[in-house]
Amino acid sequence: MPATGDGRAPGATGSPGAQGGARPGHAQDRSAPAAPAHGCAPDRAPASGQHPARPPERRADRRSDRPARATAPIPHPRSKAAGQAPTAGPATPPATAPLKLLVIEDDATDAQLLKAAVADSGAPIEIHWTRGLDQAFALLAPTSSGSRRSRSRGGDPGRGGDFSCVLLDLAAPADLPHPSDSSDGLEGLHELLRRAPHTAVVVLTDAAGAELGAAAVAAGAQDFLIKNETDGPLLARALRYAVERKRADESQRRLVEAELRGQENARLQRHLLPTPLLDGANLSFTRRYRPGRRRALLGGDFYDAVRTDDGTVHVVIGDVCGHGPDEAALGVALRIAWRTLVFAGLTGETLLTTLQHVLEHERRSDEIFATLCMLVIDPADAGAPEAVEQARLYLAGHPPPLLLGQDHTPIGLPSEHAGPALGLLPCDDGQAVWPSHTFELRRGWRLLLYTDGLIEGRIGAGSRRLGQDGLAELIGDHQSAGLTRGRLVDSAIAEVEELNGGALTDDVAVLLLERNPAQLILG
């Protein structure tokens, strides 16, 4: 059935209830905490001046056997007023940790002068002195465990030997094992930067070596000082500046690396999402996918839809337990394996058995399993009345789809023939079987497939969850408002999140498959 320009079904009225994807007050009036355990949302009275979205007698007949329930407003997260927020006393600033400085100086007299200058500055600086680079490298080389501990405690990651800064006299002999043929006076600095890339470095030069000091800064040092022009306060200030500049440079480097990794991950995950192959099927296919992980595009849920050469349409939606990167990778592997097996001619229990073998070989532990719902829709027989189509449903521990009727009353397909989730029971000895349920699809049919992340959201502050019955009623209400396809799915997900009091924590995948006599529509 083609959609109208605003996403409403043909013939839908322009009442206020059909605007904006939901009726005014629709989500706010849905209440719940005292509802019975079957999962349906309570009745909602239409706002003043509006027509009810469903005839009152229809709802009365449908719920005549259900106990009455008290309505209560859906609790929303409450924020404390500024005056009610607990106040704490003034925080005592932590004591400044001493700056740990390594001085590389071959002249003992100059080293003593540097120690005296540090003492005169009054700054908390702990000095360690070495005569050459060999001794310095022995002190700068950290153990891997020490590096991890300093990182976990908030220290500078990878800082050599926990030194905050190195003060290098460029006049000190480099004593390198493999000196360079082209000497620029910075051989020692180059080796130091290579050995301790995350440690701040300040170089010392004489008055005639100012240009060499500038070259050292260009090569990677944080600052340079001239010996005869440096007093205690200037030295302390230069060292603190060098440490902070190095820390800022490291933070910027990590930020850039994180952004690049995030962009690469986003591109990878975006390409791993499937493109349904339904050319010639004359179907409207709407899908929505929301991973439970923050800043992720891919979760443990997966879906796909393909049409084979004989005109048969195959649809799958599944859920790997958990929602981390490992589960996302496994979901992609199962989805690709499913598509490959379908095009290889496998279907039904044979396909699911083979898919379980794939899961058993790809999962990282025996506790990992996956639920799955698979539909096989045979092409319509031209001689059948009203172009009736036959479909087969296979469930492996997964909630059954909803068949959306023309009377705005979604019907849950039966799940009596459901088999176990993939990976729970061995299938070689016949313990795991997945029989099919055959049903008819008549003209204008619509099927909603979803993962359990959509129905496990809570209603209000209690422990009650939406459930399959609650989802069916919610979808029916949005159908009554004239919403179809993408707007129907989006508005339903939005209300589920509102009932939950915020974003859903589990992965969510939703597919809406609709027989459409016009050209294929992907939404």
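View 1. Buried means under 20% relative accessible area, with a 1.4 Å probe and protein chains only. For E14 (residues 446-450), 5 of the 5 residues are buried, so the strand is largely enclosed by the rest of the structure. Strands are DSSP runs of E, at least two residues, and helices are runs of H or I, at least four, numbered from the N terminus.

This is a predicted model: local features need pLDDT of at least 70, side-chain atom pairs count only at pLDDT 80 or more, and totals for chains, interfaces and linings use all residues. Residues are numbered from 1 along each chain as its sequence is written, and side-chain values use heavy atoms, without hydrogens and water.

**View 2. E14 pairs with E11 and with E15.** Two strands pair if DSSP finds at least two bridges between them. E11 (residues 402-403) joins E14 by 2 bridges, antiparallel. Here Leu403 stands opposite Leu447. E15 (residues 508-515) runs antiparallel to E14, with 5 bridges. Leu447 stands opposite Leu513 there.

**View 3. Five strands form an open sheet.** The order is E2-E1-E3-E4-E5, with parallel pairing. E2 (125-130) and E5 (223-226) stand at the edges, each with a single partner strand, so one side of each lacks a neighbour in the sheet.

**View 4. E3 meets E4 in the parallel sense.** Strand E3 (residues 165-169) and strand E4 (residues 200-205) share 5 bridges. Leu167 has Val202 of E4 as its bridge partner.

Key: Buried means under 20% relative accessible area, exposed over 50%, partly exposed in between (1.4 Å probe, protein chains only).
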